[in-house]
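Colleague: I am new to this structure and would like to go through its pocket and its cores. Could we take them in turn?

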Amino acid sequence: MMRRPDRRECDTARMDVLALYRQAGAYHEGHFLLASGRHSPKFLQSTTVLQYPHLTGQIAAALAQKLTDTGVQAGLLVGPAMGGVVLAYEVARHYGGPDVRAIFAEKDGAGGMKIREAFTIAPGELFIAVEDVLTTGGSVLKAVRAAEFAGGRCAAIACIVDRRAVEGPLEGYPLVSLTRLVFDTYPPDEVPKWLAKVPLQEI
């Protein structure tokens, strides 16, 4: 049986994100087909962690604090559905006062994302796009473009884990992450033999 993570193990001042994922049973080894289409021997399942409200709150508080410490200012947070929805709302709760809002972008049926008509973004309104794990950044960039199309301006992208091979901004947008963990990933035509022997799990 999986040991339920202890609240004390998530002190934001000394948070070990990988350890937190391990404790929650959210760190996996095997052969995984990522949403980006790349293959990897390791995978972080954020939904396993985010099912615990107290862990989600601790992570969100740490990410909100890091945004504040780096000087990022915005009154709106946007999360790509579904993975970034809960996280965006929790980060917004810790990040600002009662006027800070959190919305989400959803698939538009044509390979991109859109902002629902029920959500209003003022022309030029600054927003922060929030994602759990960045591998290529494809999903969060779709959310950014949807929010920009609706009139907003992206102040930064925030995530729990930055898995990208290259550190730094994402397509020119400032990036704030709690940790950087680089796992090997491979395009479908370059999967090494040792990994190809392991049964593939699509996620």
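Colleague: Into how many nonpolar, polar and charged residues does the lining of the largest pocket divide?

Modeller: This is a predicted model. The pocket holds about 780 Å³ of space, and 32 residues line it. Those of the lining divide into 12 nonpolar, 14 polar and 6 charged.

Colleague: Which element gives the largest share of the lining of the largest pocket?

Modeller: Two or more lining residues come from each of strand S2 (39-44), helix H2 (46-50), strand S6 (126-134) and helix H5 (138-149). Among the residues closest to the pocket centre are Glu 131, Asp 132 and Val 133, whose numbers fall within the range of S6. The largest share of the lining, 4 residues, is from S6.

Colleague: Which element gives the largest share of the largest nonpolar core?

Modeller: That core has 38 residues, and Tyr 21, Leu 44, Val 91, Tyr 95 and Ile 128 touch the most other members. The elements giving two or more residues to this core include helix H1 (17-23), helix H3 (53-69) and helix H4 (85-95), as well as S6. With 7 residues, the largest share comes from H3.

Colleague: How many residues are in the other core?

Modeller: Tyr 21, in the largest core, touches Leu 44, Val 49, Val 133 and Ile 160, among others, leaving aside residues up to four places away in sequence. The other core lies apart from the largest one and has Ile 121, Ala 129, Leu 141 and Ile 157 among its members. Its residues number 21.

Definitions and conventions:
Residues are numbered from 1 along each chain as its sequence is written. This is a predicted model: local features need pLDDT of at least 70, side-chain atom pairs count only at pLDDT 80 or more; totals for chains, interfaces and linings use all residues. Side-chain values use heavy atoms; hydrogens and water are left out. On a 1 Å grid over the protein atoms alone, a cavity is a set of points where a 1.4 Å probe fits but cannot get out, and a pocket is an open set with protein on both sides within 12 Å along at least five of seven lines; lining residues have an atom within 4 Å of a point. Grid points are joined across faces, edges and corners, and a volume is the space filled by probe spheres set on the points. Ala, Val, Leu, Ile, Met, Phe, Trp, Tyr, Cys and Pro count as nonpolar, Asp, Glu, Lys and Arg as charged, and the others, Gly among them, as polar. A nonpolar core is a set of buried Ala, Val, Leu, Ile, Met, Phe, Trp, Tyr and Cys residues joined through side-chain atoms within 4.5 Å. Buried means under 20% relative accessible area, exposed over 50%, partly exposed in between (1.4 Å probe, protein chains only). Contact means heavy atoms within 4.5 Å.
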